Amino acid sequence: MNFPIVRHRRLRQSAAIRGMVRETVLTVDDLIQPIFVTYGKGVKNEISSMPGVFHFSLDTLEEEVKEIVDLGIPAVLLFGIPETKDSVGTSAYAEDGIVQEATRIIKSRYPDLLVVADTCLCEFTDHGHCGMVHTFERDGHVCGDVMNDESLELLVKTAVSQARAGADIIAPSNMMDGFVQAIRAGLDEAGYSHVPIMSYSVKYASSFYGPFREAADSAPQFGDRKTYQMDPANAREALREAESDVLEGADMLMVKPALAFMDILRMLRDQFDLPLVAYNVSGEYSMVKAAAQQGWINERAIVTEMLLGMKRAGADIIITYFAKDMARWLREKQ
Ligand SMILES: [Zn+2]
């Protein structure tokens, strides 16, 4: 008998046969492009740690959105940088808040583009935490507890005002316990039972968020987020987080960040049948951009492999700052 009998290379001989047996396909329909909207006029400022990503004011936003629509990307995820912040994040749920205004503008010009509203308070609170904080002094330092149930009320107000402005999907990212149930009840009561919730179910207290905090001006002013975001060492706990969101009525589950948490994507895919979202976060973006600028890696090949890996791990949808680039690359011939 000749050796070897099994020859895996038979199915790798040409591009045509590789294409035919390919298991995972990345398409533009999988992508969501995040956008940062800020106050002021005529603003288009590049975020220094995220080359190619900008802050837009309401009057410069349209050019960016047009590009996204022209590329065939189906959805944007909105983050807002408000003019004023306070301890309870009033500008998060103001009727004329920055996210609400941006949503109205986008939906009036491009009704078919899905607007996903990030629902959190950290960009709108002066302390930079994702909920209401009870502060106290310990050994001369300001400390604080993020209060769970008190924060839910404000998150519900935020979600309802975003839905009222026209948001198609509510994406709560705050990691308070019970947030999906509270927001679902609030949306239903306000007449938005048709608006789905994309829950940041499994959000780790990760160092990969560094560049985002510059972009969203949302770094905590004291302490950290480890009392509400998950410990990167834990996997089983991710199943408990996801399960409670499923029971509370989430329509989609998310894992954030993605690259260092591919196993979590796979676990959730195997355990739950809801659509699964991977968030390819700012630090993952910045690392690739920096290396590409140095000429150390092939950016297109690396990004394609990363995003394909997220889909292979189980993601149906990918939120990525590379969405526009990827959409362009997918249009060009391979
Ligand atoms: Zn937050």
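Strands here are DSSP runs of E with at least two residues, numbered from the N terminus. On that numbering, D139 lies in the loop between β6 (132-138) and β7 (141-147). The model is a predicted one. The protein chain holds eleven helices and twelve strands. Its radius of gyration is 21 Å, close to the 20 Å that the globule rule gives for 334 residues, so the chain is as compact as a globular protein of that length.

**Overall build**
- The C-alpha trace spans about 75 × 45 × 45 Å along its principal axes.
- Of the 334 residues in the protein chain, 52% are buried.
- Take the contacts between residues at least 6 apart in sequence: 73% of them join residues at least 24 apart.

**Surface and charge**
- The protein chain has an accessible surface of about 15700 Å².
- Carbon and sulfur atoms account for 50% of that surface.
- The chain carries 34 positive and 48 negative charges.
- The mean positions of the positive and negative charges are 11 Å apart.

**Helix α3**
- Helix α3 covers residues 98-109, twelve in number.
- From its first C-alpha to its last, α3 reaches 17 Å, close to the 16 Å expected at 1.5 Å a residue.
- The buried residues of α3 are I98, V99, Q100, A102, T103, I106 and K107.
- Among them are a lysine, K107, and a glutamine, Q100.
- These buried residues pack against three strands: β1 (31-38), β4 (75-81) and β5 (114-119).
- They also pack against two helices, α2 (61-70) and α4 (148-165).

**Backbone points to check in the loops**
- The peptide bond from K256 to P257 is cis, with omega near -10°.
- P257 sits in the loop between β10 (252-256) and α8 (262-271).
- D139 is not a glycine, yet its phi is positive, at about 50°.
- D139 has a relative accessible area of 70%, so it counts as exposed, the cut-off being over 50%.
- M175 is not a glycine either, and its phi is positive at about 65°.
- The loop that holds M175 runs between β8 (169-172) and α5 (179-189).
- M175 has a relative accessible area of 3%, so it counts as buried, the cut-off being under 20%.

Notes: Residues are numbered from 1 along each chain as its sequence is written. This is a predicted model: local features need pLDDT of at least 70, side-chain atom pairs count only at pLDDT 80 or more; totals for chains, interfaces and linings use all residues. Side-chain values use heavy atoms; hydrogens and water are left out. Helices (H or I, at least four residues) and strands (E, at least two) are DSSP runs, numbered from the N terminus. The expected span of a helix is 1.5 Å times one less than its number of residues. Buried means under 20% relative accessible area, exposed over 50%, partly exposed in between (1.4 Å probe, protein chains only). Contact means heavy atoms within 4.5 Å. The radius of gyration is taken over C-alpha atoms; the globule rule is 2.2 Å times the number of residues to the power 0.38. Accessible areas come from the Shrake-Rupley method with a 1.4 Å probe; for residues, only the protein chains shown count as cover. Lys and Arg count as positive and Asp and Glu as negative; His and the chain ends are not counted. The place of a charge is taken as NZ of Lys, CZ of Arg, CG of Asp or CD of Glu.
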